[in-house]
Structure formats: structure tokens, C-alpha cells
Amino acid sequence: MSETARSATEPGVFAEWLRRSTWVDFILLAIRIGVAALVLVGLAGGLAAGTYSAADFVSFTMFGLTIGSIYALIALGYTMVYGILRMINFAHGDVMMVGSFAGLFAAGGLNDAGVLGAFPLLALPLVLAAGMAAGALVSIAIERIAYRPFLHVRSLAPLICAIGMSFILQYAARGLFGTRNRAYPGFGWMEGTVSFAGLTIPIPQVVAFVAALIVLAGLLAVVRLTRLGKAMRAVAEDRDAAALVGIDVTAVIVATFAIGGAMAGVAGVLYALVFKQITVFMGFFLGVKGFAAAILGGIGNLGGALLGGLVLGLAEALGPALILEGYHLPAPYQLKDVIGYGMLVMILIFRPQGLLGERLAAKRA
Amino acid sequence: MSFNTVTSSFKVTRRRRSPLMEAVRLGLIAGAALVAFALIGAYSAMDKRAVIEGTVTLSQLASLLIVFAAGHVAARDARSGTSAALLNAVVAGLVAGACLSVLVWLIMAVNLRTTLVAASPALAKALSLGARIASLEALAQLPLIGAASALVGALVGRLPAGAGKAALTGLAAVITAGLFRDVFASMLERLPDLTGPDHEVFGSAGLNPGAAVALFFLAAAFALVRDRLALKRGGVPRSGLSRPGLVLLIAGVVLLPLVTNDFVAQVAMLVALYMLMGMGLNIELGLAGLVDLGFVAFFAVGAYTVALLCSSGPLAIADVSFWVALPVAIVLAAVAGMIFGLPVLRVRGDYLAMATLGLGEIIRVLVLSDALSPYLGGSQGIIEIDHPRLFGWELKSPVALYYLALVLAGVVAFVSLRLQNAKIGRAWLAMREDEDVAQALGIDPVASKLLAYTIGAAFAGAAGAVFAALIGSVYPHSFQLLVSINVLAILVIGGLGSLPGVLVGAIVLIGLPELLREFGEFRYLFYGIALVAMMHVRAEGLWPAAYAKEGVHAS
């Protein structure tokens with residue numbers, strides 16, 4: 001095949017592409033076109049069907065931004081760990097679950113101590129702090145057990161260990177905290193909605209969105225401005241060179257896991273505030289979504305995690321109404337996860353460097 | 001990398017503590033394990049099952065073993081003499097028992113139940129071992145029992161090698177017999193020549209105390225005699241299984257259901273099914289190094305194909321024999337593997353795990369959705385799948401279906417073995433070790449990966465087809481991510497790339513938890529611990545592949 005292609009003397013981008021591509025590339029191109037057509041036809045059909053009003057779409061968008069900011073917080077943990085270790089922390093989603101439960105018990109404790117009644121506004125930061133602390137601790141434990149022993153071995157061991165840790169966390173939590181769903185407290189002032197510029201938004205959504213942005217800003221400040229952040233960037237760039245110039249690489253890795261875990265803890269508490277219910281099994285698949293967000297934004301890129309989270313959240317919130325409705329499927333919201341996972345798979349295949357990533361992902365993956 | 005020692009402080013910074021501190025640390029670790037065991041509810045759940053009738057329950061046995069192990073490790077320190085070693089073990093045991101005492105006291109003093117559901121007075125009662133709940137006597141006896149158990153563990157470790165091994169063999173025999181009472185009791189029932197009725201050996205739940213003592217000495221004596229014989233023959237006592245072991249294992253696998261009851265046959269059937277899937281994933285993960293967490297999707301394709309083709313229910317599109325549907329299912333699963341594989345296989349390592357996980361979940365969500373329920377039944381599934389027939393004889397009993405699954409597993413094992421030693425098998429191994437080098441040597445990575453993925457998917461499809469015929473119905477619920485994780489765990493525990501390892505892994509991870517019903521609730525916790533522990537202690541698996549052994553010896 002290549003012989004005939006090489007003999008074609010006609011220059012040009014298309015001919016060059018044709019010469020260099022294999023049959024796999026053609027099939028991939030066909031898949032790309034197929035998916036694009038599927039989305040466009042669905043979009044046209046969805047807009048033509050007009051099942052939802054503009055107000056509906058606005059509320060979908062608000063919800064998408066909220067859940068997207070939670071995805072972004074989870075994505076940060078993946079992206080930071082990946083940036084430094086070039087490995088995915090498979091148990092990261094369950095760290096979020098642990099943070100969520102820590103927040104629940106902290107809220108219960110505060111309620112018993114009377115703090116919740118006396119200073120309802122103070123309760124939220126305290127509960128968030130509990131979630132962060134628990135998330136950071138569990139994340140450090142994961143690093144210690146699943147990653148540090150295999151730091152210099154190129155094998156499947158960390159991946160398998162992390163899958164094991166994920167199961168240990170889920171089923172230990174199941175044994176410790178029970179299988180039933182737990183209702184999350186609402187701190188009184190969080191009930192109800194706010195009206196803003198003609199929109200009515202539930203308060204927990206606003207709180208989650210704003211809190212996620214504040215935490216993200218804080219994290220960016222840490223990474224950009226502090227000594228630790230500088231060390232983290234150095235280790236991400238070249239671990240051995242960082243060790244040579246006197247950076248304690250182990251400590252930096254631990255700090256990275258701790259910060260990522262704290263972010264997941266915040267995400268867990270915020271998720272629980274929005275959805276009002278938590279279970280011990282919620283972490284894993286939210287973790288997969290967080291990973292999808294991290295990949296979407298460009299793994300290793302903190303701003304990308306935020307962008308990826310918001311895009312994924314919006315896609316999941318708007319997708320069923322916009323695209324699936326166009327095919328007149330019954331109960332399109334059941335297929336919300338198909339959109340999320342579908343985006344994950346498509347990005348991994350077609351643009352592993354993500355929206356903002358610039359470096360070649362094949363080298364790092 | 002020459003900076004390994006600089007950047008990896010794992011081994012370097014671990015300080016040597018004094019022996020006593022080391023013992024306290026071990027005791028605290030064992031105590032934490034005991035407390036965790038109690039707080040996840042495992043203690044209460046397993047306390048109902050006796051291992052030795054009226055003497056030791058399963059949970060007590062597990063707790064004793066934890067402390068036993070701690071004592072064993074504490075006494076192993078070569079620096080100290082025998083008396084110091086025994087003292088260390090006693091300290092470790094005391095500390096571990098004290099941790100449990102603190103837990104009992106806490107449960108009764110503070111209400112922990114809003115947070116920790118298992119921390120109930122019932123747990124405190126069970127841990128008080130018949131004494132008044134949380135009385136001084138109850139709290140004091142736990143450290144003492146712990147010290148005694150640790151002391152025994154230390155003594156076994158300090159005995160001369162032959163005697164220590166004999167004691168451990170005896171203990172293992174008693175525990176095995178007690179744990180798998182159902183299997184052994186059902187076998188004894190089939191032996192009419194045995195003089196006494198089986199209830200003399202086994203009580204309603206476990207071994208009888210007299211039988212336990214007899215069994216202990218029998219097994220210990222057997223171990224001693226075997227070692228003597230081995231020494232007389234001039235060889236060193238061998239450890240691990242080899243060719244005779246494999247023959248014995250296969251004989252056991254073939255004959256087992258004939259000599260036990262239907263329940264054990266059902267469990268054996270499940271083991272055979274997971275072996276089928278395990279061998280499929282073994283091609284992908286064990287040989288070609290592709291981490292596939294969406295493996296269950298192909299299992300589902302096989303199961304739904306058979307369901308749609310063989311069901312007499314309303315959703316069926318045909319009503320043909322299982323033997324027609326089976327090849328169709330295998331081919332469809334292989335095609336699905338190819339369609340999935342093509343785009344995904346350019347993704348490497350951890351990314352591949354996530355991509356396949358996403359694909360598997362997409363399939364599950366789609367099957368479950370209302371949109372496809374007119375064709376696939378949604379959450380109601382497809383029911384009334386016909387049992388396979390062979391020469392006019394309906395394969396309906398668990399034993400018959402077990403043999404069906406076993407024959408298929410045998411065929412698949414043969415195919416795997418041939419593939420493994422063929423050119424393509426070596427290409428897979430080369431690619432697993434280093435993809436870039438393999439490509440430089442002229443191996444087409446996409447084509448060989450795709451082949452591995454397709455063949456693995458076909459095996460999973462076969463397993464799914466048998467599954468549908470076995471159960472008689474399929475539901476989306478049966479095709480969760482957990483199945484993929486189960487298969488992955490089987491491979492890791494058995495040894496990546498090792499065919500006997502798949503058998504061992506399936507028995508350990510699927511068979512044993514089914515037989516130990518009290519344990520069933522905690523099996524995934526056990527899987528998680530087993531995965532982590534295997535990677536740390538014995539990364540090559542229980543029955544490593546030949547090349548994995550070579551690698552270990554070379555390094």
C-alpha cells in the first residue's frame with residue numbers, strides 16, 4: 001500500500017495524510033464522523049422538538065455548572081497526581097466519599113454540640129474542613145500503601161493496588177457506616193432558593209458553585225505562589241532533577257496527594273449538600289466522571305480541570321434534553337451517564353491531550 | 001535510573017526500633033486489625049458460625065489468627081534469644097487484646113452507633129465471651145487471651161523446623177475441615193462404608209472438638225512422615241505445587257461434584273464460569289498487558305445473545321438450540337471486541353483501563369435504559385431461557401451444567417495454551433514487556449493487540465453464553481463492573497499469564513467465599529485486601545507463570 005502511495009507525486013496536505021494513515025486511521029475517522037453526525041442530528045431534532053422552554057434550559061445550565069464545579073474539584077486530584085507520578089489514582093473517587101461521610105458526622109457532632117443552632121453560618125466551613133481533613137488523610141494513606149512502594153517499578157502494581165484500595169474503602173465504609181442512604185443536614189439557611197436577575201436557583205447549588213470556585217482559587221494560589229507549589233511544579237517537570245537540586249520528592253508527592261484528597265473531600269461535602277443523600281458507593285463512578293473532566297481539560301493542567309469539569313457538567317445536564325430528545329427516546333435522563341462516559345472514551349481516543357493540553361499524551365500515558 | 005535511592009525513601013528511612021517497641025508496634029497493628037474487623041460488622045456476622053462445635057466460632061478463630069500471626073512475627077527477630085522473643089510476642093498479644101478491650105469499653109460508655117453501625121451492645125456482648133458485658137473480668141480476659149495466642153504463635157515459630165511445620169499443617173487441616181464443613185460432610189455422606197455416621201466428625205456447623213484434636217495430630221504426623229521420607233530420598237522438602245500437584249488439582253476439579261451435594265456443584269459451576277472469563281482476560285491482561293475493566297461487556301453480549309436466541313419468552317427473536325446459539329454468541333462477542341478494540345487500543349496503560357471501564361458502563365446503562373427495553377427487557381431482563389439439550393437429555397442439574405462449563409473451560413484452556421506458545425503469544429509477551437521495542441522488532445502492535453482483545457472477548461462471550469444457560473435468565477444487574485473486577489482479581493491472585501493460576505484464583509476468590517456464606521458479605525473487602533497484599537508480598541501470583549518465575553529468579 002505504501003509503495004503506491006509514495007509513487008503519487010501530487011503534493012498537498014490531503015495526499016500526505018492519505019499516505020501516512022493506515023486502515024485504523026480510516027476507521028477512526030469514520031467513527032469521528034459517525035459520532036459528530038449523531039450529535040448534530042440529535043441537536044437539530046432536539047431543538048426542533050421544543051419540549052423544553054428557555055427557562056428549563058437555564059435551570060439545566062445552572063445545575064450543570066454546579067455539578068461541573070464538583071467534577072472539577074475531583075478532577076484536580078487526578079490531574080495533580082498524574083502530573084507528578086504519571087499514574088491515575090483509581091481510589092480517588094472513594095476519597096471523595098470518605099470526605100462526604102466525614103462531613104456528615106462533623107455536622108452531626110456540631111448539631112449535638114449546639115454549634116449548628118447558634119452559628120449556622122460557621123457550620124459550613126467547619127463541615128468542609130472536616131471533609132478536607134478526612135480526604136487528605138485517606139489520600140495520604142493511599143499514597144503510602146499503593147504508590148510509594150512501587151515508585152520506581154514500571155508495572156501494573158500501583159494500578160492494581162489502587163483498585164484494591166478503592167474496594168477496601170468502599171466496603172470498609174459499607175461495614176462501618178451501613179448500607180442505607182444517609183440524609184445530609186441542610187444547616188437551616190440553606191433551604192429555599194435565591195432569585196437573581198429573574199432566575200430562581202436553589203441555595204445549595206449557589207453555595208456549591210461559589211465554594212468550589214473559592215477553593216480552586218486557593219489551590220491555584222498555592223501552586224503558583226508558594227514554595228511548595230514551586231517544588232510540585234519542579235517534581236512534575238522532572239523528578240530526578242528535582243531530587244538533585246535538593247527537593248524532598250517524597251514529601252512533595254505526599255503533599256500532592258494530601259491536597260488532592262482535600263479537594264475531593266470538599267467535593268464530597270458539596271455534592272452531598274446539593275443532592276441531600278450519600279451512600280458508600282457513590283464515590284467510584286463520580287471518580288470516573290472526575291477523571292473524564294481531568295482528561296477533557298488536559299491532564300496535568302489545573303485550569304483545564306476547571307474547564308473540563310464545567311464542560312462535562314454542562315454536557316451531562318444539557319445533553320439529554322438537547323441531543324437525546326431529538327431521537328424521541330423514552331426517559332432520556334437515564335442515558336445521562338452514557339454522555340459522560342461517551343465523552344470520556346471519545347477524548348481518550350481522539351484527543352488524549354485534552355482541550356488545554358499541549359504536550360503529546362502518548363509519551364506520558 | 002541511578003537516583004532511585006535518593007528519591008525512594010521507603011526502605012531507607014525506616015528506623016530500627018528497640019525490640020520491645022517493635023513488639024508494641026506489632027501489637028498495635030494487630031489491635032487495629034482486630035478493631036477494624038469488629039467495627040465493619042464482620043465479627044458479629046461470623047460469630048454465628050462455629051468452626052469447632054461449641055468451642056471456637058469463625059470470628060474468634062479469625063481474631064486468634066491475627067494475634068497468632070503478630071506473635072509469630074514478633075518472635076521472629078533474630079537478634080534476641082528465645083526468652084526475649086517469647087516476651088516480645090506476649091507484649092504484642094497483650095497490646096492487641098487491650099485494643100479490643102478498649103473498644104468494648106468504648107462501645108458501652110459512649111453511643112457510637114449513629115456513626116458506626118456495628119458498634120452495638122450485641123458486639124460488646126459477643127466480645128465479652130460469656131462474662132458480664134464490659135465487666136472488669138470481660139475486659140481483662142481479652143489481653144490475656146491475646147497474649148496466650150501470640151505466645152503459641154511465637155512457640156510455633158521457635159520450634160525446630162520440622163515440628164513447627166507439622167504444627168502449622170495440623171492447624172491448617174483443622175481450620176480447613178472446620179471452615180468447609182459442608183463440602184467434607186457432604187462427601188462423608190456419600191461414603192456408606194464409613195463405620196460411624198458423619199455427625200461424629202462434624203457437628204451442625206463445624207468440627208466436633210474430639211475430631212478436631214484427632215485431625216490435628218493426624219495431619220501433623222502426616223507432615224512429619226512426609227518430611228522424613230523426602231529427606232530419606234535425599235531431596236530437600238519441597239514447597240509449592242508442581243506437576244503431581246496439578247494432576248491432583250485437576251482430578252479434584254473433575255470429580256468433586258460427583259461426591260458432594262448440589263450446592264457445592266453449583267459453586268463449582270460458578271468457579272468454572274469464572275475460569276472461562278479468567279482465561280479470556282488472561283489473554284488480554286496476562287499476555288498482552290491490556291488492562292481491560294470493561295470486560296463484562298463481552299460477557300453481557302454472549303449472555304444476551306443466548307437469551308435472545310434460546311428464550312421461550314416474549315422478547316426472543318428465535319428459539320433455537322443452545323448449541324446453535326453458542327457459536328453465534330462467541331462470534332458476536334468477538335465482533336464486539338473488535339469494534340471496541342479498534343479505537344481504544346491506541347490508548348495505553350492507565351488510560352486504557354479508564355476507557356474500557358467507560359465502554360463497559362455505557363453498555364450496562366444502555367441495556368438498563370427504557371430506550372432499549374422493548375428489545376432487551378430493561379431491568380426486567382430476559383427470562384425462560386431453555387436449558388441446553390444433549391442427545392435428547394436436558395442439562396438441568398447443577399452437576400450437568402458444571403460439566404458443560406468445565407468442558408468449555410477445557411477447550412478454552414487448550415486454545416489458550418496453544419496460543420501462548422505460538423508466534424502470536426510470544427509477540428504479546430514482547431509487547432507487554434516493552435511496546436516500543438516490540439514494534440521495532442517488527443511486531444504490529446495494533447494488529448496483535450486487536451487479536452488479543454478479540455480472542456479475549458470471544459472467551460468472555462462463551463462464558464456469558466454458558467451463564468445465560470445456567471441461570472435461565474439474564475438481567476442487566478448481573479453485568480456490573482464488579483464482574484470485571486472479580487476477573488481481574490482472579491488473574492492477579494493466581495498469577496498474571498498463568499493458566500493454572502486462573503484455576504487457583506477462581507477457586508480462592510469465587511469458590512471459597514461462596515462456600516463460606518458468613519464471609520460472603522465481606523468478600524469484596526477481602527478482594528481489595530488480597531489485591532493490595534498480593535502486589536506487596538507476591539506480585540507474581542499464587543501460581544506464577546513460568547516466565548514470571550524466571551524473572552523473579554533472575555533479579
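**Domains of chain B**

I looked up the domain assignment of chain B in this predicted model. The assignment gives domain 1 as 19–232 and domain 2 as 248–554. I then took the centres of the two domains over C-alpha atoms and got a separation of 36 Å.

Next I checked the contacts between them. On the domain 1 side of chain B, 14 residues are in contact with twelve residues of domain 2. I asked which elements give two or more residues to that side of domain 1. They are α3 (42–46) and α9 (181–189) of chain B. α9(B) gives the most, with four residues. I sorted the residues of this side by class: nine are nonpolar, one is polar and four are charged.

**The largest nonpolar core**

I turned to the largest nonpolar core, which has 312 residues. I noted L276(B), V306(B), A405(B) and V466(B) as the residues with the most contacts inside it. Which helix gives the largest share of this core? I found helix α12 (residues 262–287) of chain B, with 17 residues.

**Chain A against chain B**

I went on to the contacts between the chains. Here 52 residues of chain A are in contact with 54 residues of chain B. Several helices of chain A give two or more residues to its side, including α3 (23–49), α5 (92–113), α7 (120–147) and α8 (157–177). α8(A) gives the most, with 14 residues. By class, I logged 40 nonpolar, eight polar and four charged residues on the chain A side.

**Helix α15 of chain B**

Last, I tested the length of helix α15 (residues 349–368) of chain B. At 1.5 Å a residue, its 20 residues should span 28 Å. The end C-alpha atoms of α15(B) are 29 Å apart, which agrees. Is α15(B) largely enclosed or largely open? I found 18 of its 20 residues buried, so α15(B) is largely enclosed by the rest of the structure.

Key. Residues are numbered from 1 along each chain as its sequence is written. Chains are lettered from A and ligands numbered from 1 in the order in which they are written. This is a predicted model: local features need pLDDT of at least 70, side-chain atom pairs count only at pLDDT 80 or more; totals for chains, interfaces and linings use all residues. Domain bounds come from an automatic or database domain assignment. Two residues are in contact if their C-beta atoms, placed from the backbone, lie within 7 Å. Ala, Val, Leu, Ile, Met, Phe, Trp, Tyr, Cys and Pro count as nonpolar, Asp, Glu, Lys and Arg as charged, and the others, Gly among them, as polar. A nonpolar core is a set of buried Ala, Val, Leu, Ile, Met, Phe, Trp, Tyr and Cys residues joined through C-beta atoms within 7 Å. A residue is buried if 20 or more other C-beta atoms lie within 10 Å of its own, exposed if 12 or fewer, and partly exposed in between; C-beta atoms are placed from the backbone. The expected span of a helix is 1.5 Å times one less than its number of residues.
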